[in-house]
Amino acid sequence: MKHLKFFVLCCFLTFSVSCGQQKKYIQYKVKEGETMRSIASKLDMKTKDLLRLNPDVARKPSANTVIVIPNKKSVTRVQPNKNIVKDKKQHLDSKETIKEKDTTKEDALEELKKNFVIYQVKKGDTFYALTRFYNVTQADLLALNPELSEGLKTGQTIKIRPIINKTATNITIYEDVIKEGISIKVALLLPFLTEENDSLQAEELFTRSRLANIVTDFYLGSEIAVDSLRKQGVNVTVNVYDTGRNSTKLNTILKDIDLDDNDVIIGPLYYEEAQFLSGKTSTPVVYPIYSKNQSKFTSSRLIKTSPEKEVFREELLTFLKDSISNQNIIVVGDGKSASDVSSKMIASTLEAHDSITKVHVVKPKEGYIPRERFTNVLKPDTKNWLLLATDDKVIVSDAINSANSLADSLQMRVFTYNKGKAFEKIDNLKLARLNFTYVSDEYVDENSPMTKTFNTQYIKNNNALPSFYATKGFDITYDILMRLASGKKLKSTFKDGASFRVESKFDYNNTVLGTTENKGLFIVKYNKDLSLKRLK
């Protein structure tokens with residue numbers, strides 16, 4: 001009976017404690033426009049304390065998100081004795097000291113954010129990932145954070161670089177995480193054209209066929225990516241299929257093979273095939289190259305690895321708006337409708353900047369732009385920035401030649417978001433003299449560990465340096481499979497941040513509906529010695 005009473009008493013005490021805990025905290029539904037800071041302010045508590053109560057909630061939660069908050073109506077009904085009051089006073093004094101320290105630390109952090117881009121180190125972060133993502137060197141990080149000489153430590157807050165302009169920095173680095181015992185199946189669909197090319201010698205094949213070079217190089221790069229992941233403990237099964245020419249084999253593959261048995265499909269190479277395949281499978285389809293028709297993709301299963309050309313223009317405009325300080329801006333078009341629309345949009349966007357009152361638009365007369373049309377709008381005591389909104393070879397050549405002839409007497413700099421074939425025959429010395437700056441979907445740091453490792457392995461396997469498509473094959477395959485190695489659904493990893501590989505940046509939009517797009521781009525500048533410098 002005594003034991004029974006003790007059990008009942010324990011149950012009662014447990015029930016009492018539970019009830020007390022339930023009253024201490026209540027649920028709260030976030031209203032439109034509210035942030036964790038504004039809610040904490042209303043509750044007369046610190047933002048960090050509210051975030052600790054809700055570790056899975058972002059600082060700017062969506063409306064109707066349910067969070068836990070202290071119940072201000074809960075009261076203590078126990079009458080304390082004098083000793084308890086004394087102990088409590090001592091405890092509160094101690095707590096106040098801790099609070100003051102926390103406040104001081106929080107204020108110091110806020111002050112730091114005004115002058116530096118800062119970052120809180122996460123588990124798995126490396127110097128390579130940080131330097132590649134933020135475009136700084138390890139020496140830069142050590143100079144700002146001497147404590148890093150002992151290595152990166154999870155949870156520490158470090159300075160990345162001084163803030164030159166006040167544009168908000170909201171960047172998340174994707175963290176490579178491999179789930180123990182993970183297995184991945186990937187289908188690689190490429191037009192090897194094995195039947196057509198079966199009778200050709202290798203030398204003849206690669207001389208005659210640009211497609212054969214592209215496909216082979218892409219495959220060889222992918223092969224190294226798969227091998228690298230296997231060495232890291234990932235069980236990767238690769239199923240390779242030859243799609244033939246113009247979809248001749250795709251229907252047969254779909255008839256004979258269950259592609260849904262794979263975690264991801266990389267390829268096909270042709271726009272029409274990718275569009276068709278996305279309607280026949282529930283597996284994510286990664287489109288590995290750029291096509292001018294890719295903007296027509298609509299399937300939520302398609303993943304575009306190459307950014308749209310409009311994104312290039314947006315990236316340059318964002319960079320210019322962050323960099324402008326009373327420069328004289330001249331937009332150079334070619335007079336065609338697409339260029340005219342683009343030039344007007346660029347001009348109106350830049351004229352909205354506080355320090356710019358007028359953006360000049362220069363177009364050709366009788367098929368070319370004479371030098372005097374530039375001199376009419378250039379200013380002698382101001383930095384003159386020419387933005388080329390065209391890929392017309394004649395117009396680009398006119399603009400570069402005119403800018404070079406004036407570079408001795410005027411401050412000149414040239415920008416473009418469309419560095420295509422129009423620049424192939426222009427002397428790089430002319431571009432370097434103008435601090436030529438452009439948007440690119442590729443940038444290679446030859447001194448980075450990943451680049452050196454990839455190049456070494458590729459040369460060992462193939463007795464040649466990797467081509468553009470070989471590197472692209474590695475980057476795309478490695479990034480997609482590494483994200484799947486986390487154990488998460490592929491699309492869910494896109495919200496976890498941007499990743500950098502050998503020469504590519506993958507910053508995918510996180511859409512539930514519609515095609516997933518990569519918006520990862522670089523801003524690159526020619527140095528006087530013809531080397532390239534990444535600005536962003």
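Author: Let us begin with terms: an axis is a line fitted to C-alpha atoms, for helices over the stretch in contact, and angles run from 0 to 180 degrees between N-to-C directions. Helices (H or I, at least four residues) and strands (E, at least two) are DSSP runs, numbered from the N terminus. This is a predicted model, in which local features need pLDDT of at least 70 and side-chain atom pairs count only at pLDDT 80 or more, while totals for chains, interfaces and linings use all residues. Residues are numbered from 1 along each chain as its sequence is written, and side-chain values use heavy atoms, with hydrogens and water left out.

Reader: At what angle do helix H16 and helix H17 pack, and how far apart are their axes?

Author: Two packed helices are described by the angle between their axes and the distance between the axes. Here H16 (residues 449-462) and H17 (residues 468-484) pack at about 120°, with their axes 12 Å apart. That makes H16 oblique to H17, given that angles under 35 degrees count as roughly parallel, over 145 as roughly antiparallel, 65 to 115 as roughly perpendicular and the rest as oblique.

Reader: Which residues of H16 and H17 meet?

Author: Contact means heavy atoms within 4.5 Å. On the H16 side, Met-450, Phe-454 and Tyr-458 meet Ala-470, Thr-471, Phe-474 and Tyr-478 of H17. By class, this contact of H16 with H17 has 6 nonpolar, 1 polar and no charged residues, where Ala, Val, Leu, Ile, Met, Phe, Trp, Tyr, Cys and Pro count as nonpolar, Asp, Glu, Lys and Arg as charged, and the others, Gly among them, as polar.

Reader: What does H16 meet in helix H8?

Author: H8 and H16 pack at an angle of about 115°, with their axes 11 Å apart. In H8, Asp-217, Leu-220, Gly-221, Ile-224 and Lys-231 meet Phe-454, Gln-457, Tyr-458, Asn-461 and Asn-462 in H16. The residues of this contact divide into 4 nonpolar, 4 polar and 2 charged.

Reader: Are H11 and H12 roughly parallel or roughly antiparallel?

Author: The angle between H11 and H12 is about 25°, and their axes lie 11 Å apart. That makes H11 roughly parallel to H12. Their contact is made by Arg-313, Leu-317, Leu-320 and Lys-321 of H11 together with Ser-342, Met-345, Ile-346, Thr-349 and Leu-350 of H12, and its residues divide into 5 nonpolar, 2 polar and 2 charged.

Reader: Which residues lie nearest the centre of the second largest pocket?

Author: On a 1 Å grid over the protein atoms alone, a cavity is a set of points where a 1.4 Å probe fits but cannot get out, and a pocket is an open set with protein on both sides within 12 Å along at least five of seven lines; lining residues have an atom within 4 Å of a point. Grid points are joined across faces, edges and corners, and a volume is the space filled by probe spheres set on the points. The second largest pocket holds about 1700 Å³ of space and is lined by 49 residues, of which Tyr-290, Lys-309, Asn-418, Lys-419 and Gly-420 lie nearest its centre. H11 gives the largest share of this lining, 4 residues, and the lining divides into 25 nonpolar, 9 polar and 15 charged residues.

Reader: Where are the cis peptide bond and the positive phi?

Author: Most residues other than glycine have a negative phi, and most peptide bonds are trans. The peptide bond from Gly-267 to Pro-268 is cis, with omega near 0°, and Pro-268 is found in the loop between strand S7 (264-266) and H10. Asn-64, although not a glycine, has a positive phi of about 75°, and Asn-64 lies in the loop between helix H3 (47-53) and strand S2 (66-70).
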